[in-house]
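The following note sets out points for a colleague who is reviewing the coordinates shown here. Each point takes up one topic.

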Amino acid sequence: MLDVRRLRLLRELSIRGTLAEVAEALQYSPSSVSQQLALLEKEVGVQLLRKTGRRVQLTPQAEVLVAHTASLLETMEQAEADLAASLTTVTGTVRIAVFQSAALALMPETLTRMSRTYPEVRIEMIQREPETALHETWARDFDLVIAEQYPGHAAPRYPELDRVRLTTDAIRLAVPPSDGGPAISSIEDTAELAWVMEPRGAASRHWAEQACRSAGFEPDVRYETADLQAQIRLIESGNAVALMPDLVWTGRDTTARLLDLPGKPRRTVFTSVRRSSAKRPAILAARETLAATAGAVAADVAG
C-alpha cells in the first residue's frame, strides 16, 4: 500500500518545482522531504526523480503517480466534504485568498456576518494577486479565492476549480478635483498627465495600458504601487490619474472626479474553490455570506 503523504509530496514537487519550495509550503525540512521521496521510490521500485544540476526532475513514472495522486486527493476531499455535510453544525476553517479592493469592500462585513451566523467557522484571510491566488488554491494552499477578471483579459483557468460570479463593478477614470487642475473630460485629455498603475504583470495594469493605447497614447506611468489606497491619495492630491474599479470607493467619500469610459466597461469579481470541496458546509456558508455582502454593496452603489 502506497503512503498517501509521500504521494502528496511528489505531487507538490511537480507543482512547486523544488524541494525547498515543497518544504516551505508543507512546513517540513528539505532533508525530510528528500528522505520521504526516497522511501517512496523504494516502495514503488522505480526511479521517480533524476538530478538536473541543482534541481530534480520527475521521471515519466513519477508523472503517472502524480496524476493518480491528484485523483486520490480529490476523492479524499470529497469524502471530507460529505462527512462535514452530514453534521448538524457548520464548523471548520476556510482559508481565503483575496485581492485588495475586495478585501477592503467585502471582507469586513462578510467576517461580521460569518461570526454572527456561523460562530464555529474560522476564517483565515491572506491578500494575494488573483493570478497567484488561483494557482495556490488549485495547489491546496487556500480553500477559496476571490479573484477578478477585466474585460477582454481572461483570468487563468484550472479544471479542478469552479467559478461563480460574485459581482461586477464599473471601471472609471479617476482624476484629481477640478479646482485649479487641468480640464479633464475624457481619457484622451490625460495623454500628457502622470499616471499611477499597479506593477507590471497585474491584469489591471495590462488592461489600463491597453485602454490608453486604444485612446491614442502611451500612458506616462510615473508611479507604480499595488496599494490602491496609495493610488487614491495620489489622485486626490492632484499628482496622478488612474483607472479604478468602483469597488475601491465602497464605504468612503472621495474628492476625486470619476468619469465614465467609452462603452462603460465593467470588471467581474468571482469566487473559485476546488470542485471536490465545493459542498463542504463551511465553504458554502462563506460563499453565501460573500454573495449577500456583495449584493448589499452593489445595491448601495446603485442607490
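1. A residue is called buried when its relative accessible area is under 20%. By that criterion, 45% of the 303 residues in the chain are buried. The model is a predicted one, and the remarks below should be read accordingly.

2. Overall architecture. The chain contains 10 helices and 11 strands. Its C-alpha trace spans about 75 × 55 × 30 Å along the principal axes. Of the contacts between residues at least 6 apart in sequence, 73% connect residues at least 24 apart.

3. Surface and charge. The accessible surface amounts to about 15,400 Å², and carbon and sulfur atoms account for 50% of that surface. There are 35 positive and 39 negative side chains, with the centres of the two sets 4 Å apart.

4. The largest nonpolar core comprises 25 residues, and Val94, Leu106, Leu144 and Ile146 have the most contacts inside it. Two or more residues of this core are supplied by each of β3 (92-98), α5 (100-105), α6 (107-117), β5 (144-149), β11 (266-273) and α10 (281-302). The largest share is that of α10, with seven residues. A further core, apart from this one, has 19 residues, including Tyr150, Cys212, Leu243 and Leu261.

5. Surroundings of Val94. Setting aside residues up to four places away in sequence, Val94 touches Val121, Arg122, Ile123, Glu124, Asp143, Leu144, Ala282, Ile283 and Ala286. Leu144, one of these partners, is also listed with Val94 among the core residues with the most contacts.

6. Ala105. This residue is found in helix α5. Is Ala105 buried or exposed? Its relative accessibility is 9%, which is under the 20% limit, and Ala105 therefore counts as buried. Beyond its neighbours within four places in sequence, Ala105 is in contact with Leu247, Thr250 and Val297. Ala105 and Thr293 are separated by 188 residues in sequence, while their C-alpha atoms are 9.1 Å apart.

7. Helix α1. Residues 4-16 form this helix of 13 residues, whose first and last C-alpha atoms are 18 Å apart, close to the 18 Å expected at 1.5 Å a residue. Its buried residues are Arg6, Leu7, Leu9, Leu10, Arg11, Glu12, Leu13, Ile15 and Arg16. The list thus holds charged residues, among them Arg6 and Glu12. The buried residues of α1 pack against α2 (19-26), α3 (30-44), β1 (49-52), β2 (55-58), α4 (60-85) and α7 (130-138).

8. Helix α8. Just after the helix, Gly216 adopts a positive phi of about 100 degrees.

9. Glu209. Because its relative accessible area of 7% is under 20%, Glu209 is classed as buried. Not counting residues up to four places away in sequence, Glu209 touches Met197, Arg200 and Pro219.

Terms used:
Residues numbered from 1 in each chain as written. Predicted model: local features only at pLDDT ≥ 70, side-chain atom pairs only at ≥ 80, totals over all residues. Heavy atoms only, no water. Helix = DSSP H or I, 4+ residues; strand = E, 2+ residues; numbered from the N terminus. Buried < 20%, exposed > 50% of the residue type's maximum accessible area, 1.4 Å probe, protein only. Contact = heavy atoms within 4.5 Å. Areas by Shrake-Rupley, 256 points an atom, 1.4 Å probe, with all protein chains shown as cover. Charge placed at Lys NZ, Arg CZ, Asp CG, Glu CD. Core = buried A, V, L, I, M, F, W, Y, C linked by side-chain atoms within 4.5 Å. Expected span 1.5 Å × (residues − 1).
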